[in-house]
Amino acid sequence: MNMVKKLTGVGGALALALSLGAGSAAAQEHSFKMATGWGGGPLMEIGAQAFADKVAEMSDGRIEIEVFPGGTLGPALKVSETVQQGVADMGHTWIGYDWGVDTTAVLFGGFAGSFDSERMLHWLYRAGGAEMQAEWRDETFNLVSMPLFIRTSEVFLHSRKPVKSLEDLQGLKLRTAGAWLQISEGMGAAPVTMPGGDVYPALERGTIDATEWGTLWENVSPGFHRVTKYVIIPGVHQPTAPFELVINKDAWGELSEADQKLIRDAAFLTTMNSWLTIGQEDAKALEFFRAQGNEIIELDPEVQYAAREAGMAWAEEQAAANEWFSKVLVSQQEFDNLWADAGRYRNVKVRGRE
């Protein structure tokens with residue numbers, strides 16, 4: 001006798017209905033709109049769109065995410081606001097863009113005082129950082145949040161002028177975002193902010209002298225090398241840059257617990273893949289810029305020390321007046337202290353590379 005024939009009477013009918021209902025819920029389909037701050041490039045290709053593709057793959061096509069370029073659904077620098085208002089169901093952004101609302105944002109997005117990306121990944125996923133980020137976004141912005149995409153240290157500048165010393169920074173008109181707007185100004189630069197799509201024409205016209213944007217490989221596609229001569233490294237302003245998936249709470253509530261886990265797993269896989277891909281491609285990109293006629297300049301050690309010191313001084317000022325900032329900063333400092341000797345037990349010296 002088959003199972004359907006056994007389920008007779010009121011109890012059997014109810015059990016069958018519950019069984020069919022559970023199967024139906026497990027197979028529920030969803031269609032979401034994602035706002036981004038990007039028109040293309042790695043942030044879109046191995047970030048936002050890669051995440052949407054991974055979700056579709058893991059859900060067998062039940063969960064579809066349509067990804068929109070920056071500026072389509074709302075301002076490119078205000079993706080979290082677009083999602084919060086329900087114009088988009090979710091968004092891919094750099095959390096540091098919201099530093100004007102709460103400077104705590106830059107601790108999750110990276111700033112001049114941050115550790116490197118390997119340590120940031122460990123702090124986020126193994127030392128409670130991602131949980132703190134989610135709690136902060138929920139409390140401060142009423143959004144669901146999790147890491148999505150991370151880059152290695154950025155290029156400090158693509159510049160029309162050579163920049164090597166602290167003196168070279170004085171009066172330099174540079175495009176940046178987040179805390180570096182204040183910190184670089186304190187070091188003598190003349191910073192401004194603008195969406196990524198506006199940077200190339202501003203460099204071409206000479207409206208700005210220099211820009212930071214992404215890593216060596218990420219900066220190939222925007223073409224900054226065509227309108228600047230110098231590539232300045234390392235990215236003392238941004239030793240790491242985790243990006244973020246923000247989700248409207250109503251949209252999140254439509255998902256079953258299993259599908260919420262699927263979203264988290266897809267975001268994690270996309271983040272780890274972005275780190276591995278960017279790391280490998282960055283290693284190739286310096287030669288590309290040299291072949292294009294760019295000159296590579298490494299910042300004087302004094303600039304590198306000064307940038308971190310200025311970043312930490314700025315962070316201490318923020319912590320004194322912001323309980324959330326202080327809480328996150330203490331967590332990161334405790335993690336940094338725990339890893340203080342990591343270089344000694346993880347790195348083997350190679351002759352000629354010291």
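Angles between axes under 35 degrees count as roughly parallel, those over 145 as roughly antiparallel, those from 65 to 115 as roughly perpendicular, and the rest as oblique. The model is predicted, so that local features need a pLDDT of at least 70 and side-chain atom pairs count only at pLDDT 80 or more, while totals for chains, interfaces and linings use all residues. Residues are numbered from 1 along each chain as its sequence is written, and side-chain values use heavy atoms, with hydrogens and water left out.

**Helix packing**

Helix H6, residues 117-126, packs with helix H12, residues 257-291, at an angle of about 170°, and their axes are 12 Å apart; the two helices are therefore roughly antiparallel to each other. Ser117, Glu118, Leu121 and Tyr125 of H6 make the contact with Phe268, Thr271, Met272 and Trp275 of H12, where contact means heavy atoms within 4.5 Å. By class, the residues of this contact are 5 nonpolar, 2 polar and 1 charged. Here Ala, Val, Leu, Ile, Met, Phe, Trp, Tyr, Cys and Pro count as nonpolar, Asp, Glu, Lys and Arg as charged, and the others, Gly among them, as polar. Axes are lines fitted to C-alpha atoms, for helices over the stretch in contact, and angles run from 0 to 180 degrees between N-to-C directions. Helices (H or I, at least four residues) and strands (E, at least two) are DSSP runs, numbered from the N terminus.

**Backbone geometry**

Most residues other than glycine have a negative phi, and most peptide bonds are trans.

| Residue | Phi | Place | Relative accessible area |

The peptide bond from Ile233 to Pro234 is cis, with omega near -10°, and Pro234 is placed in the loop between strand S9 (230-233) and strand S10 (241-248).

**Nonpolar cores**

A nonpolar core is a set of buried Ala, Val, Leu, Ile, Met, Phe, Trp, Tyr and Cys residues joined through side-chain atoms within 4.5 Å. The largest has 58 residues, and Phe111, Trp123, Phe156 and Trp314 have the most contacts inside it; helix H13 (residues 301-321) supplies its largest share, 7 residues. Apart from this core lies another, of 41 residues, among them Trp38, Phe149, Ala241 and Ala251.

Conventions:
Buried means under 20% relative accessible area, exposed over 50%, partly exposed in between (1.4 Å probe, protein chains only).
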